[in-house]
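Work through the exercises below with the model open in your viewer. Try each task before you read its solution.

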Amino acid sequence: MKNKERSEEELLKVEVAGIRMKNPLILASGVLGSYASSLNRISKNAGAVVSKSIGIDEIEGYKNPTIINYPHGIINAIGLSSPGAKRFYEELKRYKGDAPLIVSIVSTSPEGFAEVVKHFPIASAFELNLSCPHVKNFGLSLGSNPKVVREVVKSVKKVTKKPVFVKLSPNVEDIVTIGKSAERAGADGVVAINTLRGMAIDIYMRKPILSNISGGVSGEGIKPIALKCVWDLYEELNIPIIGAGGITTWKDVIEFLLAGASAVQIGSAFYYSHRYFYSIKESLIAYARWKDENLSEIIGKAHQ
Ligand SMILES: Cc1cc2nc3c(=O)[nH]c(=O)nc-3n(C[C@H](O)[C@H](O)[C@H](O)COP(=O)(O)O)c2cc1C
């Protein structure tokens, strides 16, 4: 059957670790995912949505300035500011969206991750943030050590049957080693990548701009780095990869799928428009029809 006769649904749908998505576009954690109302709205055109990373206790976060624009993206050091698992669950209970909800978790220990997971029965899947680059004892502090990654995944897998994704950082010696460690411990997929360590200096004040000095760089400037991470992971891993980092156009999405991503996350681009998913989706349909292929058929094709 020619794709012209296939439905848009068929052209766009993907499945990641058993999670069926109507398209490969996922809202990345942290950018718009603190309120159920935004998630509800975004979910209309999304394949899935990821909520802001949440820990067991409230995290105050850093003082302003926490976000700055630079010509090729954003540098943020929000500091994982969040209300704690109980209060966030009350918020997320109001999620009535049209796409699976992936709950992003942070903690300082393997047991802590498992504890937070238990608070979110509404999640379709969990994403373990082992990659935030700017909060001491969280994220990358654990995620740069393959043994700790293994322990975290094992601990979480003991308390949930839902898919568990590990979000990886490019700021490690070898992202593939960390990805492999997650896979061996039973992770159902990996997300690559979180932000990269970076900073900016105000030349008039002659001081770092972010209150935390250092932050995480995201947005279009990091796309080639993220793409290479996905490429390398696809060569070595057997579990699905969700690509993220600097995706702002439909062409970026296709690149990531061809590199081996089964779906992609988009974050920073939402600072410029809230209608990203709608416009990207329409272009993906046109591309799939032109190529006469469903998007799920092009995953990893650039490796052949
Ligand atoms: C303001 C801001 C807040 C973020 N908060 C989180 C977070 O809470 N947890 C997380 O795993 N990633 C967080 N991220 C990282 C994004 O989810 C994403 O991995 C990264 O920004 C790369 O994608 P992008 O270039 O499309 O933004 C945040 C990014 C930004 C810009």
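**Exercise 1: Proline 163**

Task: List the contacts of proline 163, leaving aside its neighbours within four places in sequence.

Solution. Proline 163 is in contact with Ala17, Gly18, Ile19, Ala125, Asp188 and Gly189. Contact means that the C-beta atoms of two residues, placed from the backbone, lie within 7 Å. This is a predicted model, in which local features need pLDDT of at least 70, side-chain atom pairs count only at pLDDT 80 or more, and totals for chains, interfaces and linings use all residues. Residues are numbered from 1 along each chain as its sequence is written.

Next, take one partner. Alanine 17 is 146 residues from proline 163 in sequence, but the C-alpha atoms are 6.5 Å apart in space.

Then place the residue. Proline 163 is in the loop between helix H6 (146-157) and E9. Helices (H or I, at least four residues) and strands (E, at least two) are DSSP runs, numbered from the N terminus.

Task: Why does proline 163 count as buried?

Solution. Start with the cut-offs: buried means 20 or more other C-beta atoms within 10 Å of a residue's own, exposed means 12 or fewer, and partly exposed is in between, with C-beta atoms placed from the backbone. Now count. Proline 163 counts as buried because it has 21 C-beta neighbours inside 10 Å.

**Exercise 2: The barrel**

Task: In what order do the 8 strands close into a barrel?

Solution. The order is E3-E4-E7-E8-E9-E10-E15-E16, and the pairing is parallel. Two strands pair if DSSP finds at least two bridges between them. Neighbouring strands of this sheet are turned by 25 degrees against each other on average, direction ignored.

Zoom in on one pair. E15 (residues 241-244) and E16 (residues 261-266) run parallel and are joined by 4 bridges. Glycine 243 has valine 264 of E16 as its bridge partner.

H7 (residues 175-184) lies across E9 (164-168) and E10 (189-192), at about 165 degrees to E9. Such angles run from 0 to 180 degrees between N-to-C directions; axes are lines fitted to C-alpha atoms, for helices over the stretch in contact.

**Exercise 3: The open sheet**

Task: Which strands form the open sheet, and how do they pair?

Solution. Its 4 strands follow the order E5-E6-E14-E11, with antiparallel pairing. E5 (67-70) and E11 (196-198) are the edge strands, each pairing on one side only. The twist averages 35 degrees from one strand to the next.

E11 is joined to E14 (residues 215-218) by 3 bridges, and the two run antiparallel. Arginine 197 stands opposite glycine 216 in E14.

**Exercise 4: Helix H10**

Task: Which residues of H10 are buried?

Solution. Tyr276, Phe277, Ile280, Lys281, Leu284 and Ala288 are buried. They cover an arc of only 110 degrees around the axis, so they are on the same side of H10. The arc is that of the directions from the helix axis to the C-beta atoms. Recall the helix geometry: an α-helix has 3.6 residues a turn, so residues three or four places apart point the same way.

Look at the other face. Turned away from the buried side of H10 are the exposed residues Glu282, Ala286 and Trp290.

Find the packing partners. The buried residues of H10 pack against H1 (8-12), E3 (25-27), H2 (36-43), H9 (250-259) and E16.

Finish past the helix end. Just after H10, aspartate 292 takes a positive phi of about 60 degrees.
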